Amino acid sequence: AFKGDGFMDSLILHTPGADHGLTTLDLMPAATPTMLDAVPGNAFLFAEASYNFSTLMPGIRELVTSVDEDVAKELDEMLEEASEMIGVDIERELMPVFAQGLGYYASMPQGGGMYPEFALMCNVQDPATFESTFSKFMNGLAGVINEEGEAVAATRTMDYKGTRIHMLDLMGTRRSEVIPFTPSWAVVGNRMIATAVPYTLKDLISRQASGQRAPGLNTQEDFQALMAHRPANAGSVSYLDLQAIMSLAYDTLVPMAQTAAKPNLMRGAVPFELDWAKLPPASQVRKHFRSMASFGSWNRDGIEVSIHAPIPMVLVMGIAIGAGAVFFMSSMDEMRGSARAMEMPREVDMGRLNRELAEIQGEELARYVRLFQLEKERLPTSLDELVKEHVLRSLPKDPWDRAYSLKVKEGEKRAFAIVSAGADGQVGTPDDITVEGN
């Protein structure tokens, strides 16, 4: 329906008097947003829901048990295993210290800059107990990361204006791997705030501590207009500034695309005409977009999602569902075609597949040899040295369950080959699979 200056679409599952099933979880009791005091005025994304994690797991367990007791047992085993690995009982220690309310926002830095500001917020019941328990959880998580060996993790704490900022430092195990964020969190009042980088958290703490805060999202005219359409029973709200998203797309993504690809110079390679230079400027497009919001409720009366947007979202969702159906049907056709192709004699088919697999594994091993060569300025003496020098965690076997070998060409410093002996297991015979590297 039309409502205000946009469309209002509602998706409703009406289940009054329900005594079992999804709606009895009571996930989102009706509540007004309480976290807007921390959201800056230039936020282009905001969401908040009245979830209560402390009562979530018992309801989920009861629901899963009523459907399949074996799945419920697997859920309990998974929780127990995760708790043992991290050193914190997730269900009995961690989840009960949360309170009702979860939210997040994203914005560009108010002082300028290109790194988006993202913050996750949740209410806590006892700040001191939560900080102690969550610190224990993060320390356990760092230990799990280190045991996996894909990255190096360490926790540390620093004081900022009387607030403890906790950080999880992450570094790749190889020099070529960069992890461009440092998860940081702090307890501010009765709320835990987590950010992707520590300086964002510092800015947020400073804004919270200042008596003279800049105008927040709740003072913006378009946000207020959307909140006027919030249903009384809504337990969640989300907001998306389409003008800001359009500006980001036009001012950043389109120039990047124009730099990377020039389809007007690739006629024949692109099935349609696309010239970035013909797009109108952002200032002409931006004014035609308004923000959109969605509101949700989840209780014993049912599940309801209402969306207020410049365009009817049911049409967009219908197109998405239709596209998904077409993709699914085409995938089924491909699977049927593959099944027919697999009806060929097994010996011939498996022999070809094994050789292709050996070539793929050989190319991957060659890539790691080149990485070793770049770091050490020499070729490894054998493939085993890739493991000893922590370039690879383990060496794969070829499709015939035999080891690959490294062949270094004499007189050429950078030339080598990865060799599989093939089905007969003898190097130097016609069925060898050799991947050249240089």
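View 1. The model is predicted: local features need pLDDT of at least 70, side-chain atom pairs count only at pLDDT 80 or more, and totals for chains, interfaces and linings use all residues. Residues are numbered from 1 along each chain as its sequence is written, and side-chain values use heavy atoms, without hydrogens and water. Strand β2 (residues 6-14) pairs with strand β12 (residues 302-309) in the antiparallel sense over 8 bridges. Strands are DSSP runs (E, at least two residues), as are helices (H or I, at least four), numbered from the N terminus. Pairing requires at least two DSSP bridges between two strands.

**View 2. An open sheet of 12 strands with antiparallel pairing.** The order is β1-β2-β12-β11-β10-β3-β4-β5-β9-β8-β7-β6. β1 (2-3) and β6 (151-160) are the edge strands, each pairing on one side only.

**View 3. An open sheet of 3 strands, ordered β13-β14-β15.** Pairing is antiparallel. β13 (405-408) and β15 (433-437) each have a single partner strand, so one side of each lacks a neighbour in the sheet. β13 and strand β14 (residues 416-420) pair over 4 bridges. Ser405 stands opposite Val419 in β14.

**View 4. A negative surface patch that includes Asp70.** Asp70 lies in helix α2 (residues 69-86). Patch residues have over 30% relative accessible area and no salt bridge, with like charges joined within 9 Å. Accessible areas use the Shrake-Rupley method with a 1.4 Å probe. A salt bridge puts a Lys or Arg side-chain nitrogen within 4 Å of an Asp or Glu carboxyl oxygen.

Definitions and conventions. Patches are made of residues with over 30% relative accessible area and no salt bridge: like charges are joined within 9 Å, nonpolar side chains (Val, Leu, Ile, Met, Phe, Trp, Tyr) within 5 Å. Lys and Arg count as positive and Asp and Glu as negative; His and the chain ends are not counted. The place of a charge is taken as NZ of Lys, CZ of Arg, CG of Asp or CD of Glu.
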